[in-house]
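Subject: Handover of a structure for your review

Dear colleague,

Please find the structure below, followed by an account of what was found in it. I would be grateful if you could read the account alongside the coordinates.

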Amino acid sequence: MTCWQKLCKVATMHRSTPLAASPLPTYRATTRVSSHWWAASLDNIGVTLRVSGRVEEALEKHEKALDIRLSKLGEGHVDVARTRYNMAVILRQQGDAARARELLEGCAEVYGKVYGPEHSETADAKDLFSTCR
């Protein structure tokens with residue numbers, strides 16, 4: 001059984017369990033999961049939590065993902081930019097426009113280099129950046 005299949009099985013078994021009480025936090029400790037995969041999972045969980053209205057928990061997941069991605073991928077990687085964008089969305093919602101703006105500044109630059117200046121990801125980052133005043 002692959003790591004992904006194991007995680008899906010865990011998620012299916014605990015669909016109604018609050019995230020904090022679920023076995024997901026210990027999943028990484030008991031299986032061999034790459035840091036890149038784990039950071040992507042944390043980032044995706046953060047997005048799900050944000051959409052569910054659990055913004056504080058979401059921000060924590062994004063911060064953990066950012067730490068992993070920065071240490072493994074470094075500045076200028078598109079995955080680092082994606083996590084920063086996700087964090088900026090939350091911070092803007094919470095009224096911390098200054099910090100959101102800091103995160104988005106680098107994000108738009110990376111998206112521009114990777115995807116090009118006219119790409120939707122680049123445009124979204126620039127649009128969100130312009131609303132953070």
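Among contacts in the chain between residues at least 6 apart in sequence, what percentage join residues at least 24 apart? The figure is 50%, where contact means heavy atoms within 4.5 Å.

This is a predicted model, in which local features need pLDDT of at least 70 and side-chain atom pairs count only at pLDDT 80 or more, while totals for chains, interfaces and linings use all residues. Residues are numbered from 1 along each chain as its sequence is written, and side-chain values use heavy atoms, with hydrogens and water left out.

Overall composition

The chain contains seven helices and zero strands, so its elements read α-α-α-α-α-α-α from the N terminus on; helices (H or I, at least four residues) and strands (E, at least two) are DSSP runs, numbered from the N terminus. Of the 133 residues in the chain, 38% are buried. Buried denotes under 20% relative accessible area, exposed over 50%, and partly exposed in between, with a 1.4 Å probe and protein chains only.

Salt bridges

A search of the whole structure gives six salt bridges, a salt bridge being a side-chain nitrogen of Lys or Arg within 4 Å of a carboxyl oxygen of Asp or Glu. Three of them are described here, among the six.

D43 and R69 are joined by a salt bridge through their side chains, at 3.4 Å from N to O. This pair links distant parts of the chain, with D43 in helix α3 (residues 35-51) and R69 in helix α4 (residues 55-73), 26 residues apart. D43 is buried, at a relative accessible area of 3%, and R69 is buried as well, at 5%.

A salt bridge also connects R99 with E63, whose closest N and O atoms are 3.6 Å apart. Because R99 lies in helix α6 (residues 97-115) and E63 in helix α4, the pair ties together parts that are 36 residues apart in sequence. R99 counts as partly exposed at 32% relative accessibility, and E63 is partly exposed with a relative accessible area of 29%.

In the salt bridge between D79 and R82, the closest N and O atoms are 2.7 Å apart. The two residues, D79 and R82, are three residues apart in helix α5 (residues 78-93), which means that about one helical turn separates them. D79 counts as buried at 11% relative accessibility, whereas R82 is partly exposed with a relative accessible area of 28%.

Helix packing

Two packed helices are described by the angle between their axes and the distance between the axes. Axes here are lines fitted to C-alpha atoms, for helices over the stretch in contact, and angles run from 0 to 180 degrees between N-to-C directions. Angles under 35 degrees count as roughly parallel, over 145 as roughly antiparallel, 65 to 115 as roughly perpendicular and the rest as oblique.

The axes of α3 and α5 come within 11 Å and cross at roughly 20°, so α3 and α5 are roughly parallel to each other. Their crossing is left-handed, a term that applies if the near helix is turned anticlockwise from the far one by less than a right angle, with right-handed used if clockwise. In this contact, H36, D43, V47 and R50 of α3 meet D79, R82, T83, N86, V89, I90 and Q93 of α5. These residues divide into three nonpolar, four polar and four charged; Ala, Val, Leu, Ile, Met, Phe, Trp, Tyr, Cys and Pro count as nonpolar, Asp, Glu, Lys and Arg as charged, and the others, Gly among them, as polar.

Q93, in helix α5, touches R50 and V55 when residues up to four places away in sequence are not counted. The contact of α6 with α7 comprises eight nonpolar, two polar and four charged residues.

A108 belongs to helix α6 and counts as buried at 12% relative accessibility. Leaving aside neighbours within four places in sequence, A108 is in contact with T122, A125 and K126.

Yours sincerely
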